[in-house]
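Hi there,

Here is the structure I promised to pass on. Please open it first, and then read my notes below alongside it.

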Amino acid sequence: MTRFQRKKESNNEVVENLDTLYRILAMPLNWFYNISGSYVIAMILYGLLIKLVLFPFGIKQQKSMLKQASMRPKEMAIRKRYAGRDDKKTQMKMQEELQKLYQSEGYNPMSGCGPALIQLPVIWILYRIVYGPMLYILGIGKDVCQNMAAYAGEIAGRSFNYKDQLQWMDVVAKNFDDFKQNVAGFADHFATEADFTNFVDKFKIFGVDLTQKPQQVFGEWTGAAIAIVAIPVLVFLAQYISMKVTRKMSYQAMPDAQNAASMKILDIGMPLMTLYMAFIFPALLGIYWIENSLLAMIQQIILKKMYPIPVFTEEDYKKAEKELNGKRKAAKKSGGSVKKHNPKSLHHIDDDEDEEDGSASESRTTKTEQKKSKKNAFIEPAALKEEPGAEKEKETDEA
């Protein structure tokens, strides 16, 4: 067996395992579908169930936010000390102090990312399940779905993924007889056109077929077409409002100028991207995204009520600043001397380097003086020379 064949087999095993996982997770959706008789209602109930299952991860995220929020006064005191200096050296010092603060308080900045990362694959799996009702709800086999997708691609002049059934269900509805004659296994599940029509009716709400794409009916002025085109707009509004409310209800760390600009772009960029996707995908997915946005907003409101974010006064910030300065002075005294601030430094952040340079200079001066004194100790003093005429005066005195 070649390396390529082994890799292909490995990929097939992964796909088969994922399909098995999808089918297991689709069981509650199938149950809701059988009870309600509506795929739309089943999908909404399923989305609510998943939110409830993932709620503990939301609690963990909220607790991580509270831990970070509790350090706000101390963090602000550190940032205030380095305010007005944007050079790399200063920013590195500030980050070092912030990291020391996090370590002393037992806070891990990455602790809030874990629950979010866990939820991402779950959301993707739900998306795949919602997008493949024939495969995961009706239990139509993979081979038949692949044949249907291939034939739908021939008719539409493009390729389709057999899992993305909402993308080509409208092709089947318009060409039912052709599918019944040319797709092996199709008639086993849909013996008559009424069978398929009854299945499609499960995707309607108030008479609106949610398997249709807004781009397909754009420009039509029927009530159903207007309702379908309105869904992407509602998706945009739901996500935009949800992001704003969620951010307001959760703790936000102090962003720098670059991060603040990125957040503003994200606030409008993400809803716009979702608007475009909701316009080109079946309307059913738009309903699913609206529900997710609203549930995320409601969840954050509930979490804030359960674990309110602390509010600090000006006195709390002054106390934290005083505590920070006290620790710095204690650290300086324990080092052997009280460091003097360098008046040339804007916020005295360069004092350490200046004092180290001063200490080194004093040390060099002391060593030089010691060497000179040792050298003088080993050299005898030179004899004084007498001035001219001094010998004659000496002889006269003796006489």
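Is Phe 281 buried or exposed? Phe 281 is buried, because its relative accessibility is 15%, where buried means under 20% relative accessible area, exposed over 50% and partly exposed in between, with a 1.4 Å probe and protein chains only.

A word on where this comes from: the model is predicted, so local features need pLDDT of at least 70 and side-chain atom pairs count only at pLDDT 80 or more, while totals for chains, interfaces and linings use all residues. Residues are numbered from 1 along each chain as its sequence is written, and side-chain values use heavy atoms, leaving out hydrogens and water.

First, the overall picture. The chain holds 18 helices and two strands; helices (H or I, at least four residues) and strands (E, at least two) are DSSP runs, numbered from the N terminus. Of the 399 residues, 34% are buried. Contact means heavy atoms within 4.5 Å, and among contacts with a separation of 6 or more, 72% are between residues 24 or more positions apart.

Next, the aromatic rings. Rings of Phe, Tyr and Trp (for Trp, the six-membered ring) pair if their centres lie within 6.5 Å; planes under 30 degrees apart count as stacked, over 60 as edge-to-face, and the rest as tilted. That rule gives 17 aromatic pairs. Phe 190 and Phe 196 are an edge-to-face pair, because their ring centres are 5.0 Å apart and their planes stand at 80 degrees. Phe 190 is buried at 3% relative accessible area, and Phe 196 is buried too, at 2%. Phe 281, the residue I asked about, makes a tilted pair with Trp 289, at 6.5 Å centre to centre and 55 degrees between the planes. Trp 289 is buried, with 17% relative accessibility. Ring pairs also join a cluster of residues, including Tyr 33, Tyr 151, Phe 179, Phe 190 and Phe 196.

Leaving aside neighbours within four places in sequence, Phe 179 contacts residues including Met 148, Tyr 151, Ala 152 and Val 172.

Gln 300, in helix α15 (residues 283–306), is buried at 8% relative accessibility. Not counting residues up to four places away in sequence, Gln 300 touches Gln 62, Thr 246, Met 249 and Ser 250. Phe 206, in contrast, is exposed, at 82% relative accessibility. Phe 206 lies in the loop between β1 (204–205) and β2 (208–209), and its phi is near 55 degrees, a positive value in a residue other than glycine.

Best wishes
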